[in-house]
Amino acid sequence: MEKRYYINTYGCQMNVHESEKLAGILESRGYRAAAEQDSADVIVFNTCCIRETAETHVLGNLGIVKKLKERRPEIVVAVCGCMVQKDGAAVRLKKRCPFIDIIFGTHNLHRFGEYLDRLSETASVVDIWEREAAIVDDVPLHRDSGVNAWLNIMYGCNNFCSYCIVPYVRGRERSRSIDSILAEAETLVKQYPQITLLGQNVNSYGNDRADGATFSVLLKKICELPGSFRVGFMTSHPKDLSEEVVRTIAENDKMSRFIHLPVQAGSDRILHLMNRRYTSGQYSDKIKMIRDYLPDAGLSSDVMVGFPTETEADFADTLRLCADVRYNNLYTFIYSRRSGTPADKMEQVDQKIKKERIRRLIAQQAEIGAQLAKEAVGKTFRVLCDTYTDGVCGGKTDCGRAIAFTSDTDLTGRFVTVRAERAEHSKLFGALTNKTEDRR
Ligand code: 5AD
Ligand code: SF4
């Protein structure tokens with residue numbers, strides 16, 4: 001009988017994409033996807049450790065899998081990714097959950113197949129590489145079938161924001177070569193109407209290479225590939241987003257007009273403590289530069305509340321900055337202590353205060369989102385359709401805004417023109433105009 005696998009993915013898009021690699025490795029060995037965890041022969045946990053809640057979710061589900069394994073001891077349980085890459089974490093986890101068969105970190109994902117094989121000779125495998133290995137470009141991939149394809153352009157992060165665990169578990173920045181990225185992009189844009197370039201800090205793409213590769217050169221070359229497709233990217237660090245990149249976006253119709261530019265906080269004192277290396281004024285200048293080149297750009301941001309020592313006045317700066325920028329989307333987080341990071345040793349803010357602040361931030365954003373949606377009514381957008389249910393198409397505009405409209409046919413994967421007719425809170429509803437574009 002065919003063996004089945006199930007992958008639990010936690011965390012960011014990078015992990016979502018790396019789970020496609022894990023799936024690729026499993027598929028190349030004859031495994032097929034299981035509909036749910038309970039019926040799988042191999043259960044994988046691709047973990048995240050950015051906040052404590054991410055780890056709590058993993059541990060909770062591991063508890064469920066432990067029971068499953070008591071009933072069916074032949075199940076293989078594998079745990080990988082950021083949570084086990086932390087110092088000593090793999091050994092601690094194995095002690096706490098001895099039923100786990102395979103544990104591996106972020107630098108040796110491509111070895112997963114070998115670890116599965118090794119289980120025929122050994123009871124369990126724990127292999128964490130302390131240092132980042134050379135980039136492995138030829139890991140088999142089993143991609144999700146949606147309209148978007150993820151494409152890794154670089155790995156790791158050199159920024160060491162004082163709250164963040166990522167540089168410790170993902171290592172230093174390593175960029176893939178333009179040639180290998182272009183070869184992958186060329187195949188992808190024949191199959192997918194949208195590709196999203198991934199990296200922790202895409203604006204420093206190429207800095208670690210001696211061949212002159214830069215992010216804007218890469219974007220230009222990808223846009224030169226034939227076909228009608230859309231190119232997005234994430235994530236940008238505000239200090240590194242250059243005018244050259246913004247100009248490249250403005251000059252290329254294939255570039256998405258949606259930029260995720262995490263600000264984290266609005267207070268200069270807090271930004272300094274966070275080691276973000278920009279002030280709120282410098283951040284606002286970047287936003288102005290983006291709007292000068294791209295007046296219709298959609299913007300989103302990550303914002304953290306309750307960073308150590310944050311006062312009411314600091315938080316008011318954050319509220320003010322968010323109100324000034326008027327983001328389309330805001331990803332809001334309560335600061336979570338991460339051991340081994342500098343912020344963990346600073347004076348902490350009371351949990352009740354943190355919760356109250358995030359509530360106010362979310363409420364303010366809901367109002368801004370609704371206002372922006374109202375202002376969009378009457379405008380016409382190019383939309384890439386990504387869902388179709390009960391006669392309603394959903395999609396995203398070039399500036400990253402979600403919009404729904406009725407349609408007799410399933411237009412998933414097609415670019416169409418939609419006029420926004422009505423707003424409900426921050427949601428937009430529209431109608432197809434008769435100008436429908438074909439993909440190729
Ligand atoms: N606590 C809360 N949020 C965090 N982030 C990163 N580290 C932490 C932490 N320790 C948030 C940042 C980042 C996003 C991916 O997660 O806002 O941009
Ligand atoms: Fe973490 Fe800062 Fe690197 Fe983003 S840029 S991954 S927040 S250290």
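This is a predicted model: local features need pLDDT of at least 70, side-chain atom pairs count only at pLDDT 80 or more; totals for chains, interfaces and linings use all residues.
Residues are numbered from 1 along each chain as its sequence is written, chains are lettered from A and ligands numbered from 1 in the order in which they are written, and side-chain values use heavy atoms, with hydrogens and water left out.

## Polar atoms facing ligand 1

An N or O atom in the side chain of Q264 is 2.6 Å from an oxygen atom of ligand 1. A polar side-chain atom of D302 likewise lies 2.6 Å from an oxygen atom of the ligand. From S336, a polar backbone atom is 2.9 Å from a nitrogen atom of ligand 1. On its own, ligand 1 has 400 Å² of accessible area, of which the protein covers 87%; such areas come from the Shrake-Rupley method with a 1.4 Å probe, and for residues only the protein chains shown count as cover. Helices (H or I, at least four residues) and strands (E, at least two) are DSSP runs, numbered from the N terminus.

Q264 is found in the loop between β12 (258-260) and α10 (268-273). The phi angle of Q264 is near 75°, a positive value in a residue other than glycine. Q264 is buried, with a relative accessible area of 8%, where buried means under 20%, exposed over 50% and partly exposed in between (1.4 Å probe, protein chains only).

Around ligand 2 are C157, N159, F160, C161, Y163, C164, V166, P167, Q200, H237 and R276. This shell divides into 7 nonpolar residues, 3 polar and 1 charged.

## Aromatic pairs

The structure holds 8 aromatic pairs. Rings of Phe, Tyr and Trp (its six-membered ring) pair if their centres lie within 6.5 Å; planes under 30 degrees apart count as stacked, over 60 as edge-to-face and the rest as tilted. One of the pairs is Y10 with F45, which is stacked because the ring centres are 6.4 Å apart and the planes are at 5°. This pair links distant parts of the chain, 35 residues apart: Y10 is in the loop between β1 (4-9) and α1 (13-28), and F45 is in strand β3 (residues 42-47). Y10 is buried at 13% relative accessible area, and F45 is buried at 0%.

F104 and Y115 form a tilted pair, since their ring centres are 5.6 Å apart and their planes are at 45°. F104 lies in strand β5 (residues 102-104) and Y115 in helix α5 (residues 112-118), so the pair ties together parts 11 residues apart in sequence. F104 is buried, with 0% relative accessible area, and Y115 is buried, also with 0%. Together with F112, F104 and Y115 form one aromatic cluster.

## Arginines over aromatic rings

R382 lies over the face of F415, at 4.2 Å from the ring centre. R422 lies over the face of F429, at 4.5 Å from the ring centre. A charge sits over a ring if NZ of Lys or CZ of Arg is within 6 Å of the ring centre and within 35 degrees of the ring normal.

## A buried polar contact and backbone features

N46 is found in strand β3 and is buried, with a relative accessible area of 1%. The side chains of N46 and S19 are joined by a polar contact of 3.0 Å. A polar contact is a pair of N or O atoms within 3.5 Å; within protein, one must be able to donate a hydrogen and the other to accept it, and residues adjacent in sequence count only if both atoms are side-chain atoms.

The peptide bond from M234 to T235 is cis, with omega near 5°, and T235 lies in the loop between β11 (230-234) and α9 (243-251). R277, in the loop between α10 and α11 (280-293), has a phi near 65°, a positive value in a residue other than glycine. R277 is partly exposed, with a relative accessible area of 47%.

Terms used: A residue is near a molecule or strand if one of its heavy atoms lies within 4 Å of it. Ala, Val, Leu, Ile, Met, Phe, Trp, Tyr, Cys and Pro count as nonpolar, Asp, Glu, Lys and Arg as charged, and the others, Gly among them, as polar.
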